[in-house]
Amino acid sequence: MEPNTRSTGRLPAAFLTPGSSSFMDFLSDHSPQLLPGNRKLPEGIVEAPHGTTIVAATFPGGVVLAGDRRATMGNMIAQRDIEKVFPADEYSAVGIAGTAGLAVEMVKLFQLELEHFEKVEGATLSLEGKANRLSTMIRSNLGMAMQGLAVVPLFAGWDEGKEKGRIFSYDVTGGRSEEHGYAATGSGSIFARGSMKKLYRDDLTEQQATTLVVQALYDAADDDSATGGPDLARRIFPIVTVITDEGFRRLTEAESSELARSVTERRLEQPDGPRAALL
């Protein structure tokens with residue numbers, strides 16, 4: 001008979017010798033109730049805050065991932081300064097759209113999944129492997145998604161093998177697609193994608209790419225009530241991150257403030273934003 005681990009202060013042997021490089025598999029074997037998709041939901045419609053628009057764009061040398069700051073619950077603003085973009089590891093990041101609380105929990109689990117793999121295998125997953133792991137996690141949440149608690153992230157990172165930034169989008173079933181150039185997800189994505197479609201070029205500088213995603217978020221907020229634009233009065237600005245061969249970097253508040261203010265000031269002259277050439 002095994003001694004009581006609480007009285008001895010020792011972890012079970014299974015916790016010290018994991019048989020899999022997947023933290024999710026390990027959790028499924030030992031504490032399946034901790035996985036978001038295994039939790040029992042109350043009957044009826046579940047109201048919860050939802051995160052909205054996430055955008056991404058590649059440039060020679062990296063990729064930019066950004067998100068607005070608004071969370072909504074029905075027709076109400078649930079939170080004005082929610083954070084929706086997080087580092088997954090040193091060379092990748094994930095932006096969340098969908099049920100906010102569940103999405104943040106999934107991101108934390110994804111971060112642990114990548115860290116666990118690195119510690120067990122002694123090497124990091126390829127960017128493609130990371131994208132596949134996230135796909136599996138989204139698929140495991142399908143039961144909740146069918147009840148209205150969906151999580152639809154955007155994943156981006158620096159591919160060390162191909163030496164370029166890459167973007168992956170997902171649907172609620174865990175289906176994964178690689179996006180080329182730019183991508184958007186969330187309630188304002190149709191407007192953000194249309195904005196980037198007209199402004200994107202494959203020779204953007206890092207500065208131009210960060211400006212592009214803020215312009216796209218501005219356009220999304222202009223037409224989608226669930227997306228929040230730059231709030232100059234409250235000093236709430238989009239979260240903008242850049243991932244290059246040097247790793248993940250989040251723009252400081254001063255940098256994002258300056259970027260958002262410059263876009264807003266130009267919009268005073270051109271409310272609909274910059275014009276793309278007809279030919």
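A cavity here is a set of points, on a 1 Å grid over the protein atoms alone, where a 1.4 Å probe fits but cannot get out, and its lining residues have an atom within 4 Å of a point. The model is predicted, so to speak of local features requires pLDDT of at least 70 and side-chain atom pairs count only at pLDDT 80 or more, while totals for chains, interfaces and linings use all residues. Residues are numbered from 1 along each chain as its sequence is written, and side-chain values use heavy atoms, without hydrogens and water.

Let us start inside. The structure holds 2 cavities of 30 Å³ or more, a volume being the space filled by probe spheres set on the points, which are joined across faces, edges and corners. Helices are DSSP runs of H or I with at least four residues, strands runs of E with at least two, numbered from the N terminus.

Now to T53, in the loop between β1 (50-51) and β2 (54-59). T53 counts as buried because its relative accessibility is 0%, with the cut-off under 20% (1.4 Å probe, protein chains only). Two distances involve the T53 side chain:

| Partner of the T53 side chain | Distance |
|---|---|
| T227, side chain | 2.6 Å |

Finally, an open sheet of 4 strands has the order β5-β4-β1-β8, with antiparallel pairing. Its edge strands, β5 (76-79) and β8 (98-99), each pair on one side only; pairing takes at least two DSSP bridges.

Note on methods: On a 1 Å grid over the protein atoms alone, a cavity is a set of points where a 1.4 Å probe fits but cannot get out, and a pocket is an open set with protein on both sides within 12 Å along at least five of seven lines; lining residues have an atom within 4 Å of a point. Buried means under 20% relative accessible area, exposed over 50%, partly exposed in between (1.4 Å probe, protein chains only). A polar contact is a pair of N or O atoms within 3.5 Å; within protein, one must be able to donate a hydrogen and the other to accept it, and residues adjacent in sequence count only if both atoms are side-chain atoms.
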